[in-house]
Structure formats: C-alpha cells, structure tokens
Protein chains: 2
Amino acid sequence: MSAARPTERSLIELIRRAAPPAAGVRVGIGDDCAVLEPSPGSVLLATTDLLLEDVHFRRRWARPRDVGWKSLAVNLSDIASMGGRPRWALVALACPENVTTDEAAAFWAGALDLAAEHAVAVVGGDTAASPHGWAVNVTVLGEAVRPPLLRSTARPGDVIAVTGVLGRSAAGLALLEDPDAAGPLGAEARADATGAHLRPRPRVREGQWLGAAGGVTAMIDLSDGLATDLGHIVEESGVGTRVELQRLPVAASACAVAAALGRDALAWATSGGEDYELLLTCAPDAYTRLATGLETATGTPLTAIGEIMTADAGLRWTDASGREIPVGPGFEHFVTGRSRV
Amino acid sequence: MSAARPTERSLIELIRRAAPPAAGVRVGIGDDCAVLEPSPGSVLLATTDLLLEDVHFRRRWARPRDVGWKSLAVNLSDIASMGGRPRWALVALACPENVTTDEAAAFWAGALDLAAEHAVAVVGGDTAASPHGWAVNVTVLGEAVRPPLLRSTARPGDVIAVTGVLGRSAAGLALLEDPDAAGPLGAEARADATGAHLRPRPRVREGQWLGAAGGVTAMIDLSDGLATDLGHIVEESGVGTRVELQRLPVAASACAVAAALGRDALAWATSGGEDYELLLTCAPDAYTRLATGLETATGTPLTAIGEIMTADAGLRWTDASGREIPVGPGFEHFVTGRSRV
C-alpha cells in the first residue's frame, strides 16, 4: 500500500495487474484499443477517452464545435492506430448549467461533422450538468478488418516510420495560449498550426491502408508525443530504438511558429504531443513499398526516422553525426505543475 | 438557433435528430443501451455513463472504493434493463493531482469487485489529472441473449411492475448528506439505506431472467426515479399510465429513515432516483408467472404497481380510493439550483 502520488504509467500497470484474464478478450488494458471477440470470428475494437476543460482544452480558445470534433478525433485515432474501421461512438457530455442550447448543439455538430466523414454513427451517450467546466467522454467501437496492429510486436532491425508531419499541434497550442506573441507570423502557418490543435484529422484511412498492406509490425498513434509514444512501443515490445533527429518530418508551420515565438520546433516534434499521426515499425524491405503505396492511396507521406534495436540499446536519439542527444518525454499526466494545455 | 438553457430531454432530442440512421444500428440514442450488430446475427449492447464529483457523489461520504463500484454499477444496470449479459467495461478516471496511489487503487478495487461478481472484464480505459475533483466515465458492452427489451414497446392494458423495493437510495443520500440528523435510527436501516446509495446492486441476473422468460413487453432501469423513468416508457411507447401509490413497494429502511428525519418515504419512492431496480411492463396474464418465477430464480420480488393506458390518459397517480395525486418528476440535470447530490 502506498500514499505516494501515482504516475499515469503506474496507474495503468496497477489496473492491468488487478484485472484478471477473461474470455473473449484478445488484448486488454495497455494498447490503444481493447480487442474483443463478441462472437467467434468477429473482432471488435473498443477505446475510450475523457477530455476535461483546462486539462485538454480551454474554453477561451476552443469553441464547443472544436471540442465536439476533437473528443471524437482522439478516439478515431486510437482505432486508426490498430488499422481498424471505426463504426460507432458513444458520447457523454457534462457542461456547466449556464450552457446555451446553441453551445450544446455546436458541440454535437462538431462531433457529427467528423463522424460523418468516417461513416461513424453516434449511437448513445449521457448528459449531465457539471459544476466545474466541460467534461466529455467518447467511446468508439470499430471493426478489425485484419489482425489488429499492436504496440507490442516491433522487432529489432525494423524501420521506424511516421505518417505526415510533426510539431503542428504543439505549435498551434503555443499560438492559442499566447495569440499576440507571434507578431507578423503568416496567416497560413497560423491557421495550419491552430487547426491541427483544435481539429486534428485522425489517420483513419491511412491506418486501414497500412493494416491491409502487410509488412507493418507494430503501430501506435502519436497522442502523448513521439518520445512518450515510441517509449510505449519500446516497453511493450521489449526492444530499444535509435531515432535520427534530422530525419524527423518537422512541419513547416511549426518551424514558422517556432521562429516567430523564439521556440524550438524540433522539441515540439519530439515531445509536443497531440499530432495524431501514426508511428509504425516495419521490416526494412517493406518500407519503400509502404511509403510509396500510402502516398499514392491517401496522399499522406510516410517518413523513416530510425530503427528498432535490441532492448539493451535503450531509447537513443542521435544527430546527423551519430552523436547522442538528450530528448525529454512528451505529455504525462500527474507530473506536478504541468497540465496538458 | 437558441440561447436558451437546454433540458436533459431537449439535449437528447437534439442529438437524436442530428444523428442520421446508420448501418448496423438496431437501436440508437434514446434507450438504456445502443443495440448494435457488429456482424450478422451478433447483437451487442453498449452504454456509457459519466459521473462527476459534487454532481453524482461527494468525496465527503463516498470513498474511492464506493465510486469505483457505483460507476460500474450504473452501467451494468443499463445492460440489465435490456435483459442483456454484460461482458466488458472501459473505465476512464480523472482525479486530482494530489490523489494517492492507495486512493486510485481503491477506486479500481471497487470497480473490479463488482466486475468479478458479474464476470465482466475491464479491458481498457484512460487516466488523466483533473483540476476539479473526480470524474469517472464507464462504458459497458454486453450481449443481448434474446431480443433486447426496449422502452418503446409497452402496450395499453399491460401491467406495470417493479423489482425489489423503492426509496432506499434517496433515504441513504439524505442520511449521508446530514448524518447527525437521524438521531436514534437503527443501525440496520441506516446501513441498508446508505449501502443502497453508495453500492447499488444492479439487477443483472433479474434482467437476464426476465428477458429469457418471455412476456415482458418493455423494461427500463430506475436511475432518475420512478416518475421520470416511467415517463420515458410513456413517451417512447406513446402510451399513458395509472400507478396506484399504495401499491408501491416502499423499502422498510426508507420508511424508518423518513420517520427519523421527518421526511416522506413515498416521495423518495416515486421521485428519489438511483434505486437501480427494474421497471417493466407485461401482459396481465404473464404477471403471476413472472413474479413467482423471478422470486424463485433470484430471490427478488416483483410487484405490480399499475397499468399502461392509452396515451390520452397521461401519467396518472392515484390513492387507494382512485383519487388522483400530483407527483413530481425525479432527478433532472440542468434544472437550475438542483444537483444530483
């Protein structure tokens, strides 16, 4: 027994140990989704995320429509990370008693906009009054059209690759938190970065394509930041990694925002979180086929950023000369004095 | 568009209208559970509930272990109300940064205690820090072993019946809110009432038995209070009702607590909420078979309390002489100045 403060990781481990193995559960706590077998041969993915005002967003800059969109998006991203097809969503919303019908309707419109893009049906939910700001929980159920891609199956020698570009969401958050600081920043970079933070586009089509293509050995979505999420693959797969920082596809908008604010775009790319890109590992001889095929099929680039090593290598980040560079972790709940926004 | 304050009902209607019909959805928003078809012939029930500190419970009297138990219980009750078999739960917990590992462990132990009783596996979840007290969301997935029992299928002439006894939870809440007020109240009545509020026992076995028995035409669980929940059956089925107040099975403990506090046990039974008993309708010639069979199979009594009328009758409450008595609704979110606890 302990009166110590828990970490997010220690909480998850605590639950994992306490929850006994059960029938119909292929994958339980510890991956992006649970993998369930409601009936023989039918494989269901299930994921849930709780978003709180002033932890995950601020009402000062996130409109109800953005909150509705994003609360669904982060769950669709979990389904995408397993290569699945999202089908149904349950949405629970608690908002302050002084919320207007227009604000509530805007929240639902935001969620339904994104649901419609991915043919997801909102099939249930819950509403309540909240004494302390907005609280939203979304659960998404999906189909695993192929064997789901897990975090725990990366192998030494695999290439590490990432979809899209990195650092946009953290750059957007920096702008939203201090909108006057960036001075003459171009409107396009501003819109790209803030849009990525407020309305992330989950890589659902990309996830399904990658799941079906074959050759991907492990996959996760980038919610907590590259350093933390790669750490999950390392831990669950029992491997090490080497990532070459100069190969990271840092977003042009993140570079522009960083220059305007005097911040470090590379740090946003490694540790900023909420990019909702897919991070995957694959056999070296599959990489070119996957990168070319994904871009052709979806328009989304795939970039190799490093390789999986044996566990003794740990989690290494190197510059162009191979010199090791220290990189901090991404977002972690329960780290005193730090909150997500 | 409207700047008016929404009601819980108006919010649900708003979502229902906005969410288009979709493939694989037998029942969407508006019943206790969504009824889904992940694959042909396989029927999945899904339900979600968000519980907030100072709305649904107070940390002053609800220990973490109670919160864990109850957050799962209210969802199991939704599965029970459709006659289903709960299988899997996803649990999202946000708690203040100063929570201890022991408190977090106690929350999970409470949820897992109840999960084990019903062979439910906790398969996933989410953890976050919260700036404003505890927030818990639980989603439960279950199997519909027979066609699920809905709210919308009651027919004029049906008997209205309820499992167990009523008013215990509201009596328990009154004691928890003002523990010194009840003076010489017996320990047994006190424990029965507060136990019912802190650790409700969802009628899962009863729901499955009733679903399998045949003859039940509609069912719902009593979460918001008999008046409100019967109102849901009335509205969804397009019927009216007449309930005889003297037939309500008011709990002995509720009567004892009411006497000690100078309160009205009958009002707790009609409008108190959170009893998590099952409210059902059945053909008159099925009632005796169901009542006898349920008590034999599960030990839980079933009591007839009134009958379903045509819609023009409205929602009538009568005393022993047939005289109409006004009864207020149960709990409603978004009613200014009133919160659940």
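## Strand ends, sheet and interface: a briefing

In strand β12(A), Thr318(A) is the bridge partner of Glu244(A). That pairing is a handy way into this predicted model, where local features need pLDDT of at least 70, side-chain atom pairs count only at pLDDT 80 or more, and totals for chains, interfaces and linings use all residues. Residues are numbered from 1 along each chain as its sequence is written, while chains are lettered from A and ligands numbered from 1 in the order in which they are written. Helices (H or I, at least four residues) and strands (E, at least two) are DSSP runs, numbered from the N terminus.

**Confidence**
- The model scores ipTM 0.90 and pTM 0.92.
- Chain A has an average pLDDT (the predictor's confidence in each residue, from 0 to 100) of 91, and 95% of the residues score at least 70.
- Over residues 334-339 of chain A, pLDDT stays under 50. For this stretch the model has nine contacts beyond four places in sequence; a contact means that two C-beta atoms, placed from the backbone, lie within 7 Å.

**The sheet in chain A**
- Six strands form an open sheet with mixed pairing, in the order β8-β10-β7-β11-β9-β12. Two strands pair if DSSP finds at least two bridges between them.
- At the edges are β8 (216-221) and β12 (315-318) of chain A, each of which pairs on one side only.
- From one strand to the next, the twist averages 25 degrees. Axes here are lines fitted to C-alpha atoms, for helices over the stretch in contact, and angles run from 0 to 180 degrees between N-to-C directions.
- Strand β9 (residues 239-244) of chain A runs parallel to β12(A), and four bridges join them.
- Helix α2 (residues 64-81) of chain A lies across β8 and β10 (278-282), at about 170 degrees to β8(A).
- Helix α6 (residues 204-213) of chain A also packs on the sheet, where it touches β7 (159-163), β8 and β10. The direction of α6 makes about 10 degrees with that of β10(A).

**A covered helix: α4(A)**
- Of the 10 residues in helix α4 (168-177) of chain A, eight are buried, among them Arg168(A), Gly172(A) and Leu175(A). A residue is buried if 20 or more other C-beta atoms lie within 10 Å of its own, exposed if 12 or fewer, and partly exposed in between, with C-beta atoms placed from the backbone.
- The cover over these buried residues includes α5 (187-198), α8 (252-261) and α9 (265-271) of chain A.
- The axes of α4(A) and α5(A) come within 7 Å and cross at roughly 100 degrees. The two helices are therefore roughly perpendicular, a label for 65 to 115 degrees; under 35 is roughly parallel, over 145 roughly antiparallel and the rest oblique.
- Six nonpolar, four polar and three charged residues make up the contact of α4(A) with α5(A). Ala, Val, Leu, Ile, Met, Phe, Trp, Tyr, Cys and Pro count as nonpolar, Asp, Glu, Lys and Arg as charged, and the others, Gly among them, as polar.

**Where the chains meet**
- Chain A and chain B each give 70 residues to their contact.
- On the side of chain A, β5(A) supplies the largest share, 10 residues.
- By class, that side has 40 nonpolar, 21 polar and nine charged residues.

**Val91(A)**
- Val91(A) sits in strand β4 of chain A and counts as buried, with 29 C-beta neighbours inside 10 Å.
- Beyond its neighbours within four places in sequence, Val91(A) is in contact with Ala111(A), Val122(A), Gly125(A) and Val138(A).

**Chain B details**
- Strand β9 (residues 239-244) of chain B has Val239(B), Thr241(B) and Val243(B) on a covered face, and Gly240(B), Arg242(B) and Glu244(B) on an uncovered one.
- Five bridges join β9(B) to strand β11 (residues 302-310), which runs antiparallel to it; here Arg242(B) stands opposite Glu307(B).
- Four bridges join β9(B) to the parallel strand β12 (residues 315-318), with Glu244(B) opposite Thr318(B).
- Most residues other than glycine have a negative phi. Glu274(B), however, has a positive phi near 65 degrees, and Tyr276(B) has one of about 50 degrees.
- Glu274(B) is found in the loop between α9 (265-271) and β10 (278-282) of chain B, and Tyr276(B) is in the loop between α9 and β10 of chain B.
- Glu274(B) is buried, with 25 other C-beta atoms within 10 Å, and Tyr276(B) counts as buried with 25 C-beta neighbours inside 10 Å.
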